Structures are given as structure tokens and as C-alpha cells.
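Biologist: Could you walk me through this one? I'd like to hear what stands behind each label.

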Amino acid sequence: MATWRDLSIGAVRLADAQNIAAALRANSRDPNRPLALLGIT
């Protein structure tokens with residue numbers, strides 16, 4: 001579980017998010033958003 005969290009935090013950091021906690025919450029609410037962040041759309 002910690003590995004998945006670290007990977008998601010790393011992806012959010014690479015996307016230049018100002019607030020990591022807010023970005024993680026936003027990504028958890030919309031199932032398409034993490035895929036777009038990774039370029040899998």
C-alpha cells in the first residue's frame with residue numbers, strides 16, 4: 001500500500017501540483033483524472 005501511495009505522490013509532484021493533499025483528493029474523486037495524469041486516456 002505504501003508503494004502505491006508513494007507512486008501516486010510522485011506522479012502528482014511530476015505534474016507540478018501546488019498542494020499534494022488536495023491533488024490526491026481530487027484524483028480519488030474522478031476515476032478518469034489519474035489516468036489522464038499518467039497519459040493513459
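Modeller: Read along the sequence, the protein chain goes α-α-α. This is a predicted model, where local features need pLDDT of at least 70, side-chain atom pairs count only at pLDDT 80 or more, and totals for chains, interfaces and linings use all residues. Residues are numbered from 1 along each chain as its sequence is written, and side-chain values use heavy atoms, with hydrogens and water left out.

Biologist: What makes a stretch count as a helix here?

Modeller: Helices are DSSP runs of H or I with at least four residues, and strands are E runs of at least two. By that rule the chain has three helices and zero strands.

Biologist: Why is something called a pocket rather than a cavity?

Modeller: Because on a 1 Å grid over the protein atoms alone, a pocket is an open set with protein on both sides within 12 Å along at least five of seven lines, while in a cavity a 1.4 Å probe fits but cannot get out. The largest pocket holds about 170 Å³, the space filled by probe spheres set on the grid points.

Biologist: Which helices line the largest pocket?

Modeller: H1 (2-14), H2 (20-29) and H3 (32-38) each supply at least two lining residues, with the largest share, five, from H1. Lining residues have an atom within 4 Å of a point; among them are Trp4, Ser8, Asn27 and Pro34.

Biologist: How many of the lining residues are charged?

Modeller: None: eight are nonpolar and two polar. Asp, Glu, Lys and Arg would count as charged.
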